[in-house]
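Please walk me through this structure.

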Amino acid sequence: MSPRRSYDQYCSAARALDLVGDRWTLLIVRELLAGPRRYTDLHADLPGVSTDVLASRLKDMERDGIGTRRRLPPPGAAYVYELTSRGRELLPVLQALGKWGQAELGERRPTDAVRAHWFALPLLRALEGQGLVEVRLEEGDFHLYVGAEDGPVYGDGPAPGEPDARLVLDSETCEAVARGESSVTDAVRDGRIEVSGDGALAKALLDV
């Protein structure tokens, strides 16, 4: 475990950056907002990070009370990493950072990696209400816990159980929402997002 570096400034922003300002830390938090993840899954969904850096950041997060590691009971018997309640408090920080960074996205570059669930946070910013939403993209399916106050805010794959709404959209539309160029309601109204479901979220989107 590397010694904690500090800006040595009596400023809450500086203190926060002492903990999460290192390269990759906030992206690890982004992944762990989906709930417990195995090391191999984290490494697969963080293209470009070395195994040494990932291991070091996870240990630092554990030391600083942002993340924790636990062993799954048999038959899993594997270690998983997850956020503490303190770590989950970084969700609005990531959302604010993501909103600020919308202008930097532009068109996707040929060298850009992409994972379907990376669109989870932009869609969470764009949806109002509370409930379980299943999202189907060309890159894969994921689900969102809109309005969740505790626990995971999204997950890979189809929704566990019957969702309150299902959204089917293409990558171009999802990227436009992520860049802030289109709202979900406008995309639904224009027929670029197909909505189904009997929950309040689906009804609200269909009534636009």
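What follows is a tour of the strands, the pocket, a histidine and some backbone details. The model is a predicted one.

Start with the open sheet. It is built from 5 strands, in the order β6-β5-β4-β7-β8. The pairing is mixed. In general, strands of a sheet pair through backbone hydrogen bonds, either parallel or antiparallel. Two strands stand at the edges: β6, residues 154–156, and β8, residues 193–196. Each has a single partner strand, so one side of each is left without a neighbour in the sheet. From one strand to the next, the twist averages 20 degrees.

Arg 166 stands opposite Ser 196 of β8.

Now turn to β3, residues 79–83. Which strands pair with β3 in the antiparallel sense? One is β1, residues 37–38, which pairs with β3 over 2 bridges. Arg 37 has Tyr 81 in β3 as its bridge partner. Another is β2, joined to β3 by 5 bridges. There, Arg 70 stands opposite Val 80 of β3. Is β3 enclosed or open? Of its 5 residues, 4 are buried, so β3 is largely enclosed by the rest of the structure.

The loop between β2 (67–71) and β3 holds Pro 75. The peptide bond from Pro 74 to Pro 75 is cis. Its omega is near 5 degrees. As a rule, most peptide bonds are trans.

Next comes the largest pocket. Its volume is about 1,300 Å³. It is lined by 37 residues. The closest to its centre are Leu 27, Arg 30, Leu 105, Ala 113 and Trp 118. Which elements give two or more residues to the lining? They are α2, α6 (91–100), α7 (120–126) and α8 (171–178). By class, the lining has 18 nonpolar residues, 7 polar ones and 12 charged ones.

Then find His 117. This residue is in the loop between α6 and α7. Is His 117 buried or exposed? Its relative accessible area is 3%, so His 117 counts as buried. A polar contact of 2.8 Å joins the side chains of His 117 and Glu 31. Another, of 3.0 Å, joins the side chain of His 117 to that of Asp 156.

Last, consider the backbone at two other positions. Most residues other than glycine have a negative phi. Asp 8 has a positive phi, near 55 degrees. Asp 8 sits in the segment before α1, which covers residues 12–20. With a relative accessible area of 67%, Asp 8 is exposed. Trp 24 also has a positive phi, of about 90 degrees, although it is not a glycine. Trp 24 is in the loop between α1 and α2, the latter covering residues 25–32. What is the relative accessible area of Trp 24? The value is 15%, so Trp 24 is buried.

Strand β3 pairs with β1 and with β2. The largest pocket draws on α2, α6, α7 and α8 for its lining. His 117 is buried, and its side chain makes polar contacts with the side chains of Glu 31 and Asp 156.

Terms used: Residues numbered from 1 in each chain as written. Predicted model: local features only at pLDDT ≥ 70, side-chain atom pairs only at ≥ 80, totals over all residues. Heavy atoms only, no water. Buried < 20%, exposed > 50% of the residue type's maximum accessible area, 1.4 Å probe, protein only. Pairing = 2+ DSSP bridges. Axes fitted to C-alpha atoms, helices over the stretch in contact; angles between N-to-C directions. 1 Å grid on protein atoms, 1.4 Å probe; cavity = no way out; pocket = protein on both sides within 12 Å on 5 of 7 lines; lining within 4 Å. Points joined across faces, edges and corners; volume = space filled by probe spheres on them. Nonpolar A, V, L, I, M, F, W, Y, C, P; charged D, E, K, R; others polar. Polar contact = N/O pair within 3.5 Å; in protein donor to acceptor, adjacent residues only side chain to side chain.
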